[in-house]
Amino acid sequence: MLLIHCPYCEATLPELEFTYAGEAHIARPADPSTMSDEQWRDFLFIRTNARGPHFERWRHAHGCGRFFNAVRDTVSDKFLLTYKAGEPKPESLPE
Amino acid sequence: MTTPMTTASAVSLSLLPEFPRYSLRIDPADVSAASEVLGLELPTRPGQRAATGSRLALCLGPDEWVLYTDEADAQAVEAAFAALYPVTPHSLIAISDRERTITLSGPQAAELLSTSCPRDLTAIAPGTGTRTVFDTVQIVLLRDSESDFRIEVGRSFLPHVWALLERANRELAAGL
Amino acid sequence: MSAFRIPGKGRVCHDKPVRFTFDGKQYQGLEADTLASALLANGVHLVGRSFKYHRPRGIVSAGSEEPNALVGVSRGGGREEPNTRATLQEVYEGLTAISQNRWPCLHFDAGATADVLHRFLPAGFYYKTFMWPKRFWDRLYEPLIRRAAGLGVPPSEPDADHYASRYAHCDVLVVGAGPAGTAAALTAGRSGAQVILADEQAEIGGALLADDKVQIEDQTAADWLSAAQAELAALPNVRLLARTTAIGYYHQNMVGLAQRITDHLASPPADAPRERMWRVRAAQVVLAQGAIERPLVFHGNDRPGVMLAGAAQIYLNRYGVKPGKTVVVVTSHDSAWHTAFDLADAGTPIAAIIDTRPAIDPALTEAAAPRGIEALLSHTVTATSGRLRLRSIHVNAVTDGKVGGARLILCDTLLMSGGWTPSLHLFSHTQGKLAWDEASQSFLPDLKTEACHIAGGGRGLWGIENALQDGAKVGAEAAMAAGFNATAPALTTQNDRSGAGIIIAELPTDRGPQSTRSFVDLQNDVTSKDIRLAVHEGMHSIEHVKRYTTSGMATDQGKLANMNGLAIAAAAIGKPPPQVGLTTFRPPYTPTTFGTFAGYHQDDTFDITRKTPIDPWAADNGAVFEPVSLWRRAWYFPKPGEDMHAAVARECRATRNAVGIFDASTLGKIEVVGPDAVEFLNRLYTNPWTKLAPGRCRYGLLLGEDGYILDDGVIGRLSEDRFHVTTTTGGAARVLNMMEDYLQTEWPDLRVWLTSVTEQWATIALNGPNARKLLEPLVEGQDLSDEAFPHMSLADCTVAGFPARLFRVSFTGEMGFEVNVPARHGLALWQRLLGEGEAHDICPYGTETMHVLRAEKGFIVVGQDTDGTVTPGDANLGWAIGKRKPDFVGKRSLARPDLVDPNRKQLVGLLTDDPKVVLEEGAQLVDDPNRPIPMQMIGHVTSSYWSEALGRSIALALVEGGRMRMGETLYLPMASITHTAKVSRTVFYDPDGQRLSM
């Protein structure tokens, strides 16, 4: 069971309070009707499947209820960083 | 009327009758308006609470609070927020029946909780509260003192949580 | 007092005798004995038969690494456990234990013929032998092998015990309470840190419990330990957990501890759990698990009476038990010499100490001489004899690598030591890296992935003083890392024992390789020959050798076998051990009961069961329940003598003809409030909401962005800014989560807020021609006439005096109402309606009748008639799409080429040619039963019922191009018969909806 830092509660809490919510930084297109079938397919289905740092979303579902972003190393399963929804993708990651 | 627990128990447990309880959701920028209506300063950090008279507010998330009061005050709370809505839209929903409240009292209350709650309970200071889980059931946990807690649990989950607490309480009483 | 018990010696209670039975024979032990020590005190070494060859086996160790002494323990009444380690099971008055894997009895086991045939049972023989003929496998080979191999027999009755769990958080968790762990816990505890000290033994102390020579801080080990135990027990910030095994080390310093609570008690208190799982989250972890002694590998090393030297020292000093009458020691490590000295000093004759090394610390030979012990350096053991107990051994000199002639030495006990393996299982769970240490010829901890510290024997240190000092130092480091001020005490000792040795893969022998049976894995009966054969046959990875020979795959996970197996395999492969590598250790460290993992999840708390406010009435009135997501719902209400079919038919008739009452409280309910509520719903649901007037409601359909149906429900507009959204029972949490997701991350500009009110309201549905007649007199504040309150209306009013949110909706096709009242009033309202309803022939119905009635109307159930690949068009719900809306969730996907394909599977009705045949849900459809197999399937049945209203069966099915097949005959090939059915519309009953206002 992991410990996850909720950027809203500013506390590191048991994984049991959180739910995973897919890859981060994939915004819903403002006007889907203008998207080609290929673009829409990519939005729906194409994900990075990173080996190493992965940008993903979590929700503090059984806590403050907020969705937030996290960077998790898929090799070590360690969280490198969490940050609030809407904040830009960090350019550098902590060691 | 409260429902007493079985006799062989380390921690005194009781089930409180329903009382007025509201879910308040409002834009964090508008919190001061709600505080004014309530007559208490709504805390803005999840886990913190504030009280005045019969009213108690616990911040559950950046835009979410749970409010408690007594029957005599319920209409006043509802009317005040209804009057606020046209100026400052928000959501105030009566959830008096959504959850039931279990009180836990006694020096071993935290230990009893630790049978199914993954939180480090020493990090939940008296006078605070939080949403968390008890055996994966979502609860709101309030700590009123070192040895007094309240569990607010969704009504349909009550039989499960209550049975777990009873079992664990007998276990604590057995002392092994 | 038995001949093998030394009066007054050890930590057992000599004044508290305990009676127990083993294989039906009664013995006497002492309080604080383990079953193993008590049996040894009675001269019993033979305790089991081996897994594969059924060879007689004795007690080898004194801890959880024990491979042989696995017994069945029974308290009766389902309280039975197979494969209990006799070395951990404490005796209590009345303990009943039996040996395993023998027939008819331990002393004469028919299965031992396998031993005679061992030449025909080499490594991998399962893979080689039983290949032909193929059909023999199921009927003959597998049952035979299963009967012949194996350990204990599982209990046949349900477990009568209960189990517990606990979360704990601490600054420093110390695993292992030997000298290193005890010193670490003391040091960290004195700093004020929250400390948990766990040890799998009944008493903390580890090696200190079995060393009566060493002096610590000018006290005996026992006195120092007593003081340490007392201090630890007195520190309020220290929690001592004896009989507690750390079974797994997980991410971010979470360690699972399995605590045995009542297995040592003669009469456990009723409310005490048998075992408890601790999930400990520690800021810092100290691993002080010490080292495990390696056996030596030689011909006949598995005979009862052959034991680890360190175990004998424990039996002697901790339990006051002599292992035998005449003892020989064979070793490649100094430690066994000290065991021999302790035994000699306690009056047990030591016939010889055989050391494989040509030269050793002269102090050892000097200490042996005055005790009259013959020391044989550069010697080996080449054979043992004795059927059920060791009688003699062959000892040979080794000169320049050549094994000389054998000399017979008579002895009933042979103590062996091949040195010590640091116990790094838990460290390995963290994927911490091990590094080969040439000097100690062992793997030691290297790169760490967690905040953990290894102390004492676990990092290759030897001796009590080293362990104490290292433990204190590491304990201080851990406490400081956790933010406390700690200083390590000096902790000096006298009379500490030397400890050095060499690793020897297999003792030199004068026997031919084919006739040598030197056991490496005692529990899985793997010999050195098997390992060499595996390498010879091409298994050059240690992981392959392990799986091919099963070495290290028994319940002890190779605690004794792995290093010897590795050394032998490495020699056969011709590479040094570090290049061959170790197999992976995985949790749990020791076998752990399912009960410990299950914890409280048994009986009434087996799983979360959500109950509605009306559930108590249903339970009292004979409802049969079915699980629906986490809820239990009343499925049907059989009257005496009724089966399910009869009960459902009656409930259906009553609802169609009079009025049915149904508990719909499980429906998800979300209150959506705010100036942008209508915009939010427009974006989320397929339907248009802008023109829905307050007081009216509408069916809502929710898609995923992929265009497939996710959920549905009625949505009512309470006021301009306020909606009451209902969801499916199973979808409630998912839909709320999805709504929050869009609000928080895609449309944070919308001023709208969501609140779950599922459990705020009890929801009672009344359906049937008498519904209004029943309800009308009870309602205040709302006119129920068709004009004032038409189908798809809602209003706040009171019902039977309770504040209510009343909907006029129907999921049955009959006139229907759903009364929502605050949950506390649900049961009272239900009972009131039932009472008032008697005059209107009211009938409670369950979910099965609800399903039948909705299927008669062709209403879908999301998750039953849809499976995550069904679009609104597929489900005939194109009418629910707001075509003029520029966008909603999933809209873009509905234009994808594969979603507009006319040959998609579409929901249609099916009417069987034989009206009495009720199809199986899930049955596959074909358009021509004469096609060659495998037939192409064109769809499947999603819902199928007996329709009481129509007097025939009905079904819904998803069929390729279904709507173009109206009237077509399709086929359903079943195991013994092929059914035929015609494609129909999905609405079977009252297609014009006239009954809604009857």
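Start in chain C and select the strands of an open sheet of 5, ordered S17-S24-S18-S19-S20 with parallel pairing. Helices (H or I, at least four residues) and strands (E, at least two) are DSSP runs numbered from the N terminus, and two strands pair if DSSP finds at least two bridges between them. The edges of this sheet are strand S17 (306–308) and strand S20 (375–377) of chain C, each of which pairs on one side only. Neighbouring strands are turned against each other by 20 degrees on average, direction ignored. Axes here are lines fitted to C-alpha atoms, for helices over the stretch in contact, and angles run from 0 to 180 degrees between N-to-C directions.

This is a predicted model, in which local features need pLDDT of at least 70 and side-chain atom pairs count only at pLDDT 80 or more, while totals for chains, interfaces and linings use all residues. Residues are numbered from 1 along each chain as its sequence is written, chains are lettered from A and ligands numbered from 1 in the order in which they are written, and side-chain values use heavy atoms, with hydrogens and water left out.

Next, zoom in on strand S18 (residues 327–331) and strand S19 (residues 350–355) of chain C, which run parallel and are joined by 5 bridges. Within this pair, C:Val329 stands opposite C:Ile353.

Move to chain B and select helix H2 (residues 71–84). Its 14 residues should span 20 Å at 1.5 Å a residue, and the end C-alpha atoms are 21 Å apart, which agrees; the expected span is 1.5 Å times one less than the number of residues.

Which residues of H2(B) are buried? They are B:Asp73, B:Ala74, B:Val77, B:Phe81 and B:Leu84, where buried means under 20% relative accessible area, exposed over 50% and partly exposed in between (1.4 Å probe, protein chains only). Seen down the axis, the buried residues fall within an arc of 120 degrees, so they line one face of H2(B); the arc is that of the directions from the helix axis to the C-beta atoms. The face turned away from the buried side carries exposed B:Ala72, B:Gln75, B:Ala82 and B:Ala83.

Last, return to chain C and select C:Lys905, in strand S46 (residues 905–912). C:Lys905 counts as partly exposed because its relative accessibility is 35%.
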